[in-house]
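Subject: Structure handover

Hi,

Here is the structure I promised to pass on.

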Amino acid sequence: MNKFIKLLSFILCLAFSGVVSAADKPIVGLVIKTDSNPFFVKMKEGAQKKADELGLELKTYAGRFDGDNQSQAQAIENLVVAGAKGILITPSNPAEIVPVVEMARSAGVLVIALDTPLSPADAADATFATDNFKAGELIGEWAKAKLGDKAASAKIALLDLNANEISVDVARNQGFLKGFGIDVKNAMDIGDESDSRIVGNEVTQGSVEGGRKAIETLLQKDTGINVVYTINEPAAIGAYEALSGFGMKDALIVSVDGGCEGVKNVQSGVIGATSMQFPLRMAAMGVEAVDEFVKTGKKPQNTKGLDFLNTGVELITDSPVAGIESKSSADGLSLCW
């Protein structure tokens, strides 16, 4: 914490000495987890396009790897010194980044979390995110409707992210279970359900290899798995590969993300349905909020009934079911990232 106090003192000294001056354009910062994930690449695209449109200067930073809190903290410090008016961040570690975020806000910078809320969420001025619970609920409802009467005897594999139970992971998993009609017990805890249809939960780290290993582990518990929930589309591909290796190609696999590769796998039948997020829209809305803050001092307000600002979600499937709104994979390919 001492280094943050020193940084604030440094900023004040610069301000009083006249070294920090108003830029030609207000600065908005975008701090993403990595610059290799297509989701964050699309965020950068959306933020840059909106910043250009509004006459803002965008400065973008990325962690060296997913989980690199140190690089993200340094980026925020750099942006504060540069005189940024607003910072958009997809936090790699929602709790550890809080002290430097508090420092930025103390310096008068608007800080908006994108995609993943801080811990606690109110450590940021606002959160712009997918309704991840709704995303999970949509694919749960779809899977239940697709199975019809067979849903009552389903054998479900739940492929989560990691053991930390971060908010995105919990919301998607619990949303899926609710959509499928399963009592989630404690909505904030993964794995405490007692429904006999659940074969088990395994973590995947959101990767193809993780999805493959998770299914192989769960098949040792029950070879009758016929529904697979996955935290994201790479994990879904791994699950499909593992199931195919055992000659089990009829299991329903559902996921969340809406990346272009994922949508193509809906089109090919590998994934039955996925819930699409909109990272370009998310980042563009964040830049608009910074512009409004610069002009009026007004901070963004949460979507009614939620503790964040909802940036939208769409169910993508080529096997629509009555009563659940969805778009086809062809539609999805025009919207994907």
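This is a predicted model: local features need pLDDT of at least 70, side-chain atom pairs count only at pLDDT 80 or more; totals for chains, interfaces and linings use all residues.

Is R197 buried or exposed? Its relative accessibility is 14%, and since buried means under 20%, R197 counts as buried. Setting aside residues up to four places away in sequence, R197 touches A151, A152, S153, A154, K155, I156, F180, G181 and I182. One of these, K155, is 42 residues from R197 in sequence, yet the two C-alpha atoms are 5.0 Å apart in space.

Leaving out residues up to four places away in sequence, I156 touches F176, F180, I182, R197, I198, V199, G200 and V227. I156 also turns up in the largest nonpolar core, which has 29 residues; W142, I156, F176, F180 and V254 are the ones that touch the most other members. Two or more residues each come from helix 5 (132–147), strand 6 (156–160), helix 6 (167–180), strand 8 (227–230) and strand 9 (252–257). Helix 5 gives the most, with six residues. Another core lies apart from this one; it has 24 residues, including A126, F128, A289 and F293. As background, nonpolar side chains in soluble globular proteins tend to be buried together.

In what order do the six strands of the open sheet come? The order is 7-6-8-9-10-12, and the pairing is mixed. Strand 7 and strand 12 (314–317) stand at the edges with a single partner strand each, so one side of each has no neighbour in the sheet. From one strand to the next, the twist averages 15 degrees.

Here is how some of those strands pair up:

- Strand 6 and strand 8 run parallel and are joined by four bridges; A157 stands opposite V228 in strand 8.
- Strand 8 and strand 9 run parallel as well, with three bridges between them, and V228 stands opposite I253 in strand 9. To get from strand 8 to strand 9 the chain passes through helix 8 (residues 233–245), and this β-α-β crossover is right-handed.
- Strand 9 and strand 10 (residues 273–276) run parallel with four bridges; the bridge partner of S255 is T274 in strand 10.

Helix 6 touches strand 6, strand 7, strand 8 and strand 9, and its direction makes about 160 degrees with that of strand 6. Helix 8 touches strand 6, strand 8, strand 9 and strand 10, and its direction makes about 160 degrees with that of strand 9. Strand 8 itself is covered on both faces: V227 and Y229 are buried on one side, and V228 and T230 are buried on the other.

On to the disulfide. A search of the whole structure turns up one, and it joins C260 to C336 with an S to S distance of 2.1 Å. C260 lies in helix 9 (residues 260–267) and C336 in the segment after helix 11 (329–333), so the bond ties together parts that are 76 residues apart in sequence. The torsion about the S-S bond of C260 and C336 is about 95 degrees, which means the disulfide is right-handed. At 25% relative accessibility C260 counts as partly exposed, whereas C336, at 10%, counts as buried.

D291 is found in helix 10 (residues 279–296) and counts as buried, with 9% relative accessibility. Neighbours within four places in sequence aside, D291 is in contact with L54 and L56. In helix 4 (residues 98–106), V98, V100, V101, M103 and A104 are buried. After helix 4 comes G108, which has a positive phi, near 90 degrees.

Happy browsing!

Definitions and conventions: Residues are numbered from 1 along each chain as its sequence is written. Side-chain values use heavy atoms; hydrogens and water are left out. A disulfide is a pair of cysteine sulfur atoms within 2.5 Å. Buried means under 20% relative accessible area, exposed over 50%, partly exposed in between (1.4 Å probe, protein chains only). A nonpolar core is a set of buried Ala, Val, Leu, Ile, Met, Phe, Trp, Tyr and Cys residues joined through side-chain atoms within 4.5 Å. Contact means heavy atoms within 4.5 Å. Two strands pair if DSSP finds at least two bridges between them. A crossover is right-handed if, with the strands pointing away from the viewer, the path from the first strand over the helix to the second runs clockwise. Axes are lines fitted to C-alpha atoms, for helices over the stretch in contact, and angles run from 0 to 180 degrees between N-to-C directions.
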